[in-house]
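Please open the model in your viewer and keep the selection tool at hand. The tour moves from one selection to the next and says what is there.

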Amino acid sequence: MTDQTSLHPADQALHRLLTGNRRFSAQQSIHPNQTLDRRLEIARAQKPLAMLLGCVDSRVPLEIIFDCGLGDLFVIRTAGQVIDRAVVGSLEFGVAELHIPLLVVLGHARCGAVIATIEAMDHNLEPEADIQALVDAIRPAVAIAETQPGDRIANSVRVNIELVIERLLSSPVLSNAIEKGNLKIVGAHYALETGVVEVYASSTS
Ligand SMILES: [Zn+2]
């Protein structure tokens, strides 16, 4: 057993998240930090352990799948984890103001946004209104995944996360925090049936 106190705060946070997810996937959630005491404790100031950028998919609610409670997670969810300036600004706020040491970009199996992008590309469809912006953002990941062996959707989901992380690194606030050792960014994947989160890319370990 590793002594958690000797780990980087980001690694401690990741360990807590994954421990919570193991409880959830094993149907042994303890629903921590949801009491009145906790609510009062954090009413004046928050100190979340991690930032999570996940998908809007109703099957991937982040506090539930990581068995966390109030004040634990700083959460942003967009379809396919697509980022825009508001998303990046929110993450920068989490780092600059709240000093959160870990960002997890979490994709998931059979992501509807990724599947819609694949369909739009295969059939030359023009999605309606601002859905187009989502498809355009995910398109480069699908194009790269097309050249890879294996499951096309799963590969697209993984490459999409890699590209999102790459784009996040162009934020000076985030990249400076990484350089100073104050932030780690990790990519991860959620399996719908098992409920298990697996970390599969760490750009900054
Ligand atoms: Zn999704």
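Donors are N, O and S atoms within 2.8 Å of the metal (3.2 Å for Na, K and Ca), and water is not among the atoms, so sites may look incomplete. This is a predicted model, in which local features need pLDDT of at least 70 and side-chain atom pairs count only at pLDDT 80 or more, while totals for chains, interfaces and linings use all residues. Residues are numbered from 1 along each chain as its sequence is written, and side-chain values use heavy atoms, with hydrogens and water left out.

Select the zinc ion, which is coordinated by Cys55 (SG), His108 (NE2) and Cys111 (SG) at 2.0 to 2.3 Å. Along the chain, these donors follow the spacing C-x52-H-x2-C. Both His108 and Cys111 are buried (under 20% relative accessible area, with exposed over 50% and partly exposed in between, for a 1.4 Å probe and protein chains only).

Next, select helix α5, residues 112–122; helices (H or I, at least four residues) and strands (E, at least two) are DSSP runs, numbered from the N terminus. Its buried residues are Ala113, Val114, Thr117, Ile118 and Ala120. They lie on the same side of α5 because they cover an arc of only 165° around the axis, taken from the directions from the helix axis to the C-beta atoms.

Finally, select Asp122 and Arg152, which form a salt bridge (a side-chain nitrogen of Lys or Arg within 4 Å of a carboxyl oxygen of Asp or Glu), with the closest N and O atoms 2.8 Å apart. This pair links distant parts of the chain, since Asp122 is in helix α5 and Arg152 in helix α7, 30 residues apart.
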